[in-house]
4 protein chains.
Amino acid sequence: MGRAHSNAFLQAGRFFDLPYQPVLKAVCSRNAERARSFADNWGYESVETDWRNLVHRKDVDLIDIASPNDTHAEIAIAAANAGKIVLCEKPLGRNAAEAQAMTAAVERAKVANMVWYNYRRVPAVMLLKQLLEEGRFGRIFHYRAKFLQDWTISPELPQGGEALWRLDAAVAGSGVTGDLLAHAIDTALWLNGPIAEVCAMTETFIQERRHNLTGQVQPVGIDDASAFLARFANGSLATFEATRYARGHKALYTLEINGEHASAAWDLHDLHRLQFFDHRDQGQLRGWRSIHITDGDHPYMKHWWVPGLQIGYEHTFIHQIADFLEALGQSKPAAPAFRDALATDLVTDAVLESAKMRQWRRV
Amino acid sequence: MGRAHSNAFLQAGRFFDLPYQPVLKAVCSRNAERARSFADNWGYESVETDWRNLVHRKDVDLIDIASPNDTHAEIAIAAANAGKIVLCEKPLGRNAAEAQAMTAAVERAKVANMVWYNYRRVPAVMLLKQLLEEGRFGRIFHYRAKFLQDWTISPELPQGGEALWRLDAAVAGSGVTGDLLAHAIDTALWLNGPIAEVCAMTETFIQERRHNLTGQVQPVGIDDASAFLARFANGSLATFEATRYARGHKALYTLEINGEHASAAWDLHDLHRLQFFDHRDQGQLRGWRSIHITDGDHPYMKHWWVPGLQIGYEHTFIHQIADFLEALGQSKPAAPAFRDALATDLVTDAVLESAKMRQWRRV
Amino acid sequence: MGRAHSNAFLQAGRFFDLPYQPVLKAVCSRNAERARSFADNWGYESVETDWRNLVHRKDVDLIDIASPNDTHAEIAIAAANAGKIVLCEKPLGRNAAEAQAMTAAVERAKVANMVWYNYRRVPAVMLLKQLLEEGRFGRIFHYRAKFLQDWTISPELPQGGEALWRLDAAVAGSGVTGDLLAHAIDTALWLNGPIAEVCAMTETFIQERRHNLTGQVQPVGIDDASAFLARFANGSLATFEATRYARGHKALYTLEINGEHASAAWDLHDLHRLQFFDHRDQGQLRGWRSIHITDGDHPYMKHWWVPGLQIGYEHTFIHQIADFLEALGQSKPAAPAFRDALATDLVTDAVLESAKMRQWRRV
Amino acid sequence: MGRAHSNAFLQAGRFFDLPYQPVLKAVCSRNAERARSFADNWGYESVETDWRNLVHRKDVDLIDIASPNDTHAEIAIAAANAGKIVLCEKPLGRNAAEAQAMTAAVERAKVANMVWYNYRRVPAVMLLKQLLEEGRFGRIFHYRAKFLQDWTISPELPQGGEALWRLDAAVAGSGVTGDLLAHAIDTALWLNGPIAEVCAMTETFIQERRHNLTGQVQPVGIDDASAFLARFANGSLATFEATRYARGHKALYTLEINGEHASAAWDLHDLHRLQFFDHRDQGQLRGWRSIHITDGDHPYMKHWWVPGLQIGYEHTFIHQIADFLEALGQSKPAAPAFRDALATDLVTDAVLESAKMRQWRRV
């Protein structure tokens, strides 16, 4: 994620007219060599190997946390206490308790803060948000989201350490629930409001794996798959599902919303398109419209190329930092703030608890 | 459904080489005029207005039940007791108790029997069944199915009577659970084996409607939407959902199965295509294949037209009766028999019970 | 084609309320055994082995020609002279001269006549026709059509005789030009008006093949591929292409029309969908609509099943005979009449001549 | 295009390990204010308002031409004569004579050179190139390409001056032929080899427009639409078409190639996917594969994000400059060089001449 963030800091000002221009003061990694190499590539002015030094540097205004989940809370709280602006990768905490403490810290310190739920800034998803706010859908009946991957199907894949920390429950907090479902839940809460209650199941298909660093075969602590039923506060029903065992899908985050007058659907594998159905179209001519989100009047797109030319994944981070800096210039909060991300952690906690207890849980 | 069945009886012999040729001896309806008109159109030799007469006619070998759900059990049991072959529209009973009695009747009478879960005979679905039986998918991790419609969203739509009996719980037994989910469950059990347990939620979005016949506003007794989590006996996880409130979808029955080596997906709105992903394809060239199921080596298709020319909905009934007559000629049972359909009713009962109790239920 | 026609004669009256009900008096084939078998299967009352007998039978009102192209003219003219209604498979003649004589014959005899350009009766194509007639597209700029197949790529495929007469120039008249392009041209003339001029190229990729009956290797006389540029009388530009060497396409007939205000596209591999783009939609929400042509207000569809349930290839023939009988009951002509099909033969003649002369040709 | 090029110069080194790192020494524009603003945004060290100064600056090694077509030849020749590396936007010249002179200049000066036909560097297109070179397609029968836009349909759109120079024949050289078809031809020559002969038609649908600067209504000199038939040297047939009057298409560049064993298709509106059909797949399971080109083993993709996360338009420029610098480090030429782009101009000249003469033209 360090690359995606660094790229966003560098690119935002080139394509957006912003009140601030990020200066890459320092990159921090426990591995000095890696930090140096990264700094050279991205133009960071200096290197740190202990984040404690970084959060107390006078020449640093903003701390951006892109390290594994088990470091989020400690760094974010220290940075907030040091009066720094804090940006944090998602999920905010490994659980809601951590997220609660982090949220309390930034709010107490009154520092600007934001969590990188970047998919809100896909132009198609932002357009959907606008359409919902315009009331085009009427009463909402259904929401459904999935996040399907297939990269852990092999039992030979080790767990833990470096690139594989997402398979280590102690570091990640959970498996697909905190990793993939968290994205789906953040978008859902933003688009469709609070979730009232959930009923979940989780599964660990491959129950033992060799640890990447120790070489020892150990029980797998994470959830490989997670699905839940939900009722939103607005009365709509939902199904959510995430897995790393859906052969053929690499990062297929899909969402669909069905309202009284209209429906819309989107997926990450064709992120530059929004599917939209409007029942108010003339009867014979009703159909799902595949809207190619590349026109100047689509969200964010006047900053990019001419109609028909698509953008991709990294742009969602550029949009997010552009929005953040724009809000900062106006002394306004930018969403999703820590508090918004805490709401997602409350849902993921309820999901994991529901799966464990085999019961419905209120959020 | 009477039209779809009658068409199937007439067409099967023209396109398939069958051991028996159905003769349309009589059509039965309480409304004599309607029965007469139907008989004229489809070439039935005679008309009955009381099914009790029909089931005792000596010149009739087979009773096909296409009437509302609340009549299935009584007619089927009487027909079986009279020694007739019995075909029945789905769902078999309004609940598993009825289905149990019906199954007992046909098995006691040793009469051939079948239930019109016609979507098994979509060529793409049959091909998927064959691929699964060949073991191409390896261990199965996920199954998911939806059946989405949007025809009851208007609160002005009345309930009950004639064409709207599907909205009357007393007649239909349930709402989308017995109507739409039943299809999805039948296919799932056939493709992926028994379901061990379910956890469901149902909703009635519009709680009062004017009755179509009496004009009185009454509580709605059916489920408008129904979704459930499931675990199959083979260890795979599943999500199922059905609704009549998904704007933009007319009869979108979709299913997907994810295995260790391959995945496949199909939907009723493009029923002549199977989506197939094979992880054993060469790495760079892996992709979802959109297979146009119109070749002579695809199931059933050698009986139809040349490659590229698609068939549609009604053909699934033709295939089913062709398979039934073929099996009858060999004195073999044809699936789904009443007992197979009873298995589906056991799942739908568990779904409705789970939703009511807000608990997981074993099937 | 005999199966598709026979099926249409039998099915039309079951789904449409028609002024006449076809009676299958006789089927004719030089092969008596095959004729008998066909008659048995489809319920023809009698068999003929010489079409000359058939066209003079007093109990026959209508002659339907589904034999190879080299027989069309002689039979049609004799049937017209005998005062019979004449239906003929496409293309009308092997060339425009034959088609001219055939048209003269039916017009002189004042007999009802029609050519089986069945794709006009795909509901999606008929809807497009209606949209064009309503003036929704404004000035037309572009038309493009392709008909792609891949069944003759193997050099081992023999030519001529029985099922392979389409590869024999003497019988077929031409290759893909008269077979596949003829369909594309008929639809184009109907939707977009007369073609003023064409410039074409043709190719025979495999220049020698073994003859199916004699076993001798002979030069191939047909065009394997044919493409042309065209200008319509309305000023729009067009490209047309047909081939039997497009790997991966079985019967992919596609068409697209671009107007000032709207565009539409359709293809035969998903014949139940119309793609439609309306520039008058609100800017941000413009997109190609995939219209699932299965609603009761779509052309022909109220006669079939409920929304969402698709029909297929054979239904185009049913629609055509239903329209024909309806028109006959009103003593009106039904399109495409022989004269309409002659217009297509005039274009295909110009295409073949243009390819040979390497020049633009006026039609 | 200045933005796309500048972005590429800045981004290439961040994502690719390159032998050279571009230094943005100067940007040149006749409008000093605009040049200054552009330099500030992109980090150019200095500004020039006369390209003649720029091409003689000692601190500049490479001249990148992104100005309107009528300036390409003069600047490129001067830069080559000054010993600079020359990169040039496409089309190389307004016609083949200009391109010939430019090619002669760079070859005489022995300077590295390249033309920005960026679509070769779409990962999906590069993969297709590799598949063709591996011989997977066998004999090629067909090639077809289209480039469809809809931005000039309004007669109110003025012509010429600034952003609208593409509508001014004196500046642009031609309309869609040099603008859009040139892209399609470059890719085609690269993938399928030389084009032997063409037969074209062009059209100017709106024949008079107000000039953007003078306000005067003047005849339109460019071609609004252009289509041609072609024969490649390898014996395959082709159709090409470009227009700015295809309602609903913004920048829909599509290409398809049909070979004996396989076919492939690609389009710019979903540039991250390759459609591939392999006839050697098992019969029942043949289908068009939609390959999501985001895996580490796809061309260029290991430099970007994880599987499933798509890139977009701007990345094609980054890939091109990365390839160029890589080749430069090895003292190898990078394609497409000026000579390659000259080949495209020879085809576009033949197309325009063919349309004018209404004859086939050899290239």
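This is a predicted model: local features need pLDDT of at least 70, side-chain atom pairs count only at pLDDT 80 or more; totals for chains, interfaces and linings use all residues.
Me: What makes the meeting of Asp270(C) and Arg273(B) a salt bridge?

Reply: Happy to go through that one. A salt bridge needs a side-chain nitrogen of Lys or Arg within 4 Å of a carboxyl oxygen of Asp or Glu. The side chains of Arg273(B) and Asp270(C) come to 2.8 Å, N to O, so the pair meets the cut-off of 4 Å. Between chain B and chain C the count is four salt bridges, and there are also 32 residue pairs in polar contact.

Me: Which elements of chain B give two or more residues to the side that touches chain C?

Reply: They are helix 1 (2-15), helix 2 (32-42) and helix 9 (314-329) of chain B. Helix 1 of chain B gives the largest share, eight residues. By type, that side of chain B divides into 14 nonpolar, 15 polar and seven charged residues.

Me: How do you know how much area chain B and chain C bury between them?

Reply: The size of an interface is often given as the accessible area lost when the parts come together. For chain B and chain C the value is about 3,000 Å², with 46% of it on carbon and sulfur atoms. The contact takes 36 residues from chain B and 36 residues from chain C.

Me: Why are the two copies, chain B and chain C, said to be related as by a two-fold rotation axis?

Reply: A rotation of 180 degrees, with 0.0 Å of shift along its axis, superposes chain B on chain C at an RMSD of 0.0 Å. The two copies are therefore related as by a two-fold rotation axis. Of the residues of chain B, Gly312(B) comes closest to that axis, its C-alpha being at 2.6 Å.

Me: And what makes you say that the copies meet through the same surface?

Reply: The interface residues themselves tell us: 100% of those in chain B are also interface residues in chain C, so the copies meet through the same surface.

Me: Turning to chain A, why does Thr348(A) count as buried?

Reply: Buried means under 20% relative accessible area. Thr348(A) has 6% relative accessibility, so this residue counts as buried. Thr348(A) lies in helix 10 (residues 338-357) of chain A. Leaving aside residues up to four places away in sequence, Thr348(A) touches Thr177(A), Ala182(A) and Ile185(A).

Me: What lies 3.0 Å from a polar atom of the side chain of Thr348(A)?

Reply: That is the backbone oxygen of Asp345(A). A polar contact asks for N or O atoms within 3.5 Å, and the distance here is 3.0 Å.

How values were computed:
Residues are numbered from 1 along each chain as its sequence is written. Chains are lettered from A and ligands numbered from 1 in the order in which they are written. Side-chain values use heavy atoms; hydrogens and water are left out. Contact means heavy atoms within 4.5 Å. Buried area is the accessible area (1.4 Å probe) that two parts lose on being put together, summed over both. A polar contact is a pair of N or O atoms within 3.5 Å; within protein, one must be able to donate a hydrogen and the other to accept it, and residues adjacent in sequence count only if both atoms are side-chain atoms. Helices (H or I, at least four residues) and strands (E, at least two) are DSSP runs, numbered from the N terminus. Ala, Val, Leu, Ile, Met, Phe, Trp, Tyr, Cys and Pro count as nonpolar, Asp, Glu, Lys and Arg as charged, and the others, Gly among them, as polar. Buried means under 20% relative accessible area, exposed over 50%, partly exposed in between (1.4 Å probe, protein chains only). Copies are superposed by least squares on the C-alpha atoms of residues with pLDDT of at least 70 in both.
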